[in-house]
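Here are my notes on the model you sent over. Have it open next to you while you read, and go through the points in order.

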Amino acid sequence: MDRQPGLSVRLKLTLSYAGFLMIAGALLLAVVWVFLLRYVPESVTRPPNRLVLTGPDRSELWDAFAPKATAALVFLLVFGLVGGWLLAGRMLAPLARITDATRRAADGSLSHRIWLPGPGDEFRELADAFDAMLSRLEAHVAEQQRFAANASHELRTPLAITQTLLDVARNDPNSHSRELVDALRAVNTRAIDLTEAMLLLSRADQRSFTREHVDLSLVAEEAAETLLPLAEKHGLTIHTTGDIAPTTGSHALLLQLATNLVHNAIVHNLPEQGAVWVTTSVDLETVVLSVENTGDELAPRLVSTLTEPFQRGTQRVRTHNAGVGLGLAIVKSIAQAHDGTLTITPRTGGGLRVTVRLPAAATDYAMGKSK
C-alpha cells in the first residue's frame with residue numbers, strides 16, 4: 001500500500017523529548033527571572049562623585065541574565081535532541097525486532113520467533129502475543145498441508161479404481177456391464193461422500209452458519225434413532241439417556257456431530273453383543289454430550305491421533321462401513337466452531353469415551369424447554 005512520506009516514530013519521539021525539555025527549561029528560567037525581579041528595583045539612583053555600593057537595576061540584570069539563559073536553552077535543545085534520539089532508539093529497539101519477525105512471517109517463515117527478553121511491559125506483551133499467533137499459524141498451515149496431501153491421496157484412490165475398471169471393460173469385450181456399473185456406482189458414491197465430508201469440514205472451519213437455540217439431548221436422540229438400524233445390523237444396543245442440554249449453534253452441524261460420534265461408536269465396536277451409550281448433561285456453564293462404546297483396547301498414543309483427517313481406527317484401512325476417515329475430524333471442527341472442546345479417552349476394558357463440551361444457552365431457554 002502506497003502511503004505519503006512522513007516523519008519516523010523515532011524522530012517524532014526525539015522532537016517530543018527535546019520540545020518538552022525546552023519548555024521545562026524555559027519555564028524554569030522564567031520562574032527564576034520573576035523571582036529575581038521581586039528584589040531588583042526598576043532603576044537605581046547613584047550620587048555623583050561618591051563611591052557608593054549599590055545593586056544593579058532591572059536593565060543591568062537583564063543584560064547579565066539574557067546571554068546565560070540563551071546559552072542554557074541552546075544547551076537544553078542540543079541535549080534534548082541527542083539524548084532524545086538515543087533514548088527513542090533504545091525504547092524502539094524491541095519494535096524493530098517485532099517488525100523483522102513480521103517481515104519474515106510475510107515471506108513465509110512461520111518457524112521464526114521473537115523471544116523478546118526483559119520485563120513484562122507493553123512490547124513484551126506484544127511480542128509474546130505475536131509469537132503465540134505464529135505458533136498457531138504454523139500449526140494450522142502444517143495441518144492444512146497434511147490434510148491436502150491426505151485428501152489428494154484419498155481422492156486419487158477412487159479415480160484410479162474407476163480408471164482401472166474402465167480399462168478392463170474396454171479390453172474385455174465379454175465383461176458383464178451389470179457388474180461394472182455396480183462397481184463404478186460404489187466407487188462414485190465413495191468419491192461423493194468424501195467430497196461432501198471435505199465441504200462440511202471447510203464449512204465448520206469457516207463458521208459460516210447461523211446460530212439458533214438447539215437442545216443437544218434432542219439432537220443426540222435423533223442421531224441414535226437414525227442409526228438404530230445400523231446398530232441392529234451389527235447386533236449392538238444403543239442406550240440414550242440424559243438431561244436437557246440447551247446450547248446455541250447450527251442444528252444441522254450439531255446433528256452431523258452427534259451422527260458421526262454414534263456412527264463411529266457403532267462401526268468400531270465388538271463383533272457381537274456390543275453396546276453404545278449416548279448421554280447428555282449440564283455442567284456449570286457448559287452442556288456435555290458423551291458417547292461411549294465397547295470395543296478393542298486402544299493405546300492413549302493412538303487415541304490422540306484419531307481426530308486427524310483420514311485416520312480410521314488402528315490404521316488407515318478401508319472396510320465396508322469405515323467411512324471416509326473424516327468423522328472425528330469433522331466432529332472436532334464443529335465443536336471448535338461452536339466454541340467447544342472435544343475429548344477422547346480410552347475406556348477400561350476396551351472402547352472409547354468421546355466427550356463434547358459446548359457453551360450452555362441462556363437460562364430462560366432452558367426453563368422454557370423444561371416446562
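1. Start with Ile266. Setting aside neighbours within four places in sequence, Ile266 is in contact with Leu227, Leu230, Ala231, His234, Leu236, Ile238 and Val276. Bear in mind throughout that this is a predicted model.

2. Ile266 also turns up in the largest nonpolar core, which has 41 residues. Ile266 is among those with the most contacts inside this core, along with Ile238, Leu257, Leu261, Val278, Leu289 and Val356. Which elements give two or more residues to it? They are helix H6 (216–226), helix H7 (228–233), E2, H8, E4, E5, helix H10 (327–337) and E7. H8 gives the most, with nine residues.

3. There is also a second, separate core, made of nine residues. Ala101, Ala105, Ile114 and Leu134 are included in this second core.

4. Now the sheet. Five strands form an open sheet in the order E2-E4-E5-E7-E6, and the pairing is mixed. At the edges sit strand E2 (236–242) and strand E6 (341–346), each of which pairs on one side only. From one strand to the next, the twist averages 15 degrees. As background, strands of a sheet pair through backbone hydrogen bonds, either parallel or antiparallel.

5. For a closer look at one pair, take E6 and strand E7 (residues 352–359). They run antiparallel and pair over six bridges. If you want a spot to check on screen, Thr343 has Thr355 in E7 as its bridge partner. Helix H8 (residues 251–267) packs on the sheet, where it touches E2, strand E4 (274–283), strand E5 (286–293) and E7. The direction of H8 makes about 25 degrees with that of E5.

6. How do H6 and H8 meet? Their axes come within 9 Å and cross at roughly 50 degrees, and the two helices are therefore oblique to each other. H6 passes H8 in a right-handed crossing. On the H6 side the contact is made by Val219, Ala220, Glu222 and Ala223. On the H8 side it is made by His251, Leu254, Leu255, Ala258, Thr259 and Val262.

7. A few backbone angles deserve a second look. Most residues other than glycine have a negative phi. Gln273, which lies in the loop between H8 and E4, has a positive phi near 55 degrees. Is Gln273 buried or exposed? Gln273 is exposed, with a relative accessible area of 73%.

8. H10 itself is mostly covered, with nine of its 11 residues buried. The buried ones are Gly327, Leu328, Ala329, Ile330, Val331, Ser333, Ile334, Ala335 and Ala337.

9. H1 passes H2 in a right-handed crossing.

10. Glu138 and Ser111 are 27 residues apart along the chain, and their C-alpha atoms are separated by 6.9 Å.

11. Last, the overall tally. The protein has 11 helices and seven strands. Of its 371 residues, 33% are buried. Among contacts with a separation of 6 or more, 70% are between residues 24 or more positions apart.

How values were computed
Residues numbered from 1 in each chain as written. Predicted model: local features only at pLDDT ≥ 70, side-chain atom pairs only at ≥ 80, totals over all residues. Heavy atoms only, no water. Pairing = 2+ DSSP bridges. Helix = DSSP H or I, 4+ residues; strand = E, 2+ residues; numbered from the N terminus. Axes fitted to C-alpha atoms, helices over the stretch in contact; angles between N-to-C directions. Contact = heavy atoms within 4.5 Å. Core = buried A, V, L, I, M, F, W, Y, C linked by side-chain atoms within 4.5 Å. Buried < 20%, exposed > 50% of the residue type's maximum accessible area, 1.4 Å probe, protein only. Parallel < 35°, antiparallel > 145°, perpendicular 65-115°, else oblique. Left-handed = near helix turned anticlockwise from the far one by under 90°.
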